[in-house]
Amino acid sequence: SLTASIGLQLMVVVIQYRKKGMLRILKECLIVMTGTKAPTDAYRVALGAEQERDTQVDPMTEMTFSKGTELFAESIPGIVIQLSAIVSTINSGENV
């Protein structure tokens, strides 16, 4: 699930910055790969950064995409795994 999250975030970065050049794409991909995408997006939004020229969306929308990706690819599968563990524990007759 973490792989799916990173993959989807990398896809968003490439689409967002494709007109800004390969160096900018690599910088943003490094941010995703190091796991600092969420704080970087929050920092940009907190500063009130405007949409850059030649980008697809503004920083707030980019942060929303990232959060949605994390929810879809990380949180939901985690909940399913936890619920399946609870159900299997209940079915085996152990106390929860």
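Modeller: Happy to! Helices are DSSP runs of H or I with at least four residues, strands are runs of E with at least two, and both are numbered from the N terminus.

This is a predicted model, in which local features need pLDDT of at least 70 and side-chain atom pairs count only at pLDDT 80 or more, while totals for chains, interfaces and linings use all residues. Residues are numbered from 1 along each chain as its sequence is written, and side-chain values use heavy atoms, with hydrogens and water left out.

The part I have picked is helix α2, which runs over residues 22-33. Just beyond the helix, Gly 35 has a positive phi of about 80°.

Now look around the helix. Arg 24, Ile 25, Glu 28, Cys 29, Ile 31 and Val 32 are the buried residues of α2. These residues lie on the same side of α2, because they cover an arc of only 155° around the axis, where the arc is that of the directions from the helix axis to the C-beta atoms. Here is some background: an α-helix has 3.6 residues a turn, so residues three or four places apart point the same way. Turn the model and you will find Met 22, Leu 23, Leu 26, Leu 30 and Met 33 exposed on the other side of α2.

What do the buried residues of α2 pack against? Their partners are α1 (2-17) and α3 (37-47). Let's follow α3. The axes of α2 and α3 come within 7 Å and cross at roughly 115°; axes are lines fitted to C-alpha atoms, for helices over the stretch in contact, and angles run from 0 to 180 degrees between N-to-C directions. On the α2 side the contact is made by Arg 24, Glu 28, Ile 31 and Val 32, and on the α3 side by Lys 37, Thr 40 and Arg 44, where contact means heavy atoms within 4.5 Å. Sorted by type, these residues are 2 nonpolar, 1 polar and 4 charged. In this sorting, Ala, Val, Leu, Ile, Met, Phe, Trp, Tyr, Cys and Pro count as nonpolar, Asp, Glu, Lys and Arg as charged, and the others, Gly among them, as polar.

Charge brings us to salt bridges. Side chains of opposite charge can pair when their charged atoms come close. A salt bridge here is a side-chain nitrogen of Lys or Arg within 4 Å of a carboxyl oxygen of Asp or Glu, and by this rule the count is 7. Which salt bridge joins Glu 28 to a partner at 2.8 Å? The partner is Arg 44, with the 2.8 Å taken from N to O. Glu 28 lies in helix α2 and Arg 44 in helix α3, so this pair ties together parts 16 residues apart in sequence. Both Glu 28 and Arg 44 are buried.

Lys 37 is buried, with a relative accessible area of 3%. Apart from neighbours within four places in sequence, its contacts include Glu 28, Ile 31 and Val 32, as well as Gln 9 and Val 13. Lys 37 also forms a salt bridge with Asp 41 (3.1 Å, N to O). Asp 41 and Lys 37 are 4 residues apart in helix α3, which means about one helical turn separates them.

Another salt bridge joins Lys 20 and Glu 52 (3.4 Å, N to O). Lys 20 sits in the loop between α1 and α2 and Glu 52 in the loop between α3 and α4 (59-91), so that pair links parts 32 residues apart in sequence. Lys 20 counts as partly exposed at 32% relative accessibility, and Glu 52 counts as partly exposed at 32% as well.

Key. The expected span of a helix is 1.5 Å times one less than its number of residues. Buried means under 20% relative accessible area, exposed over 50%, partly exposed in between (1.4 Å probe, protein chains only).
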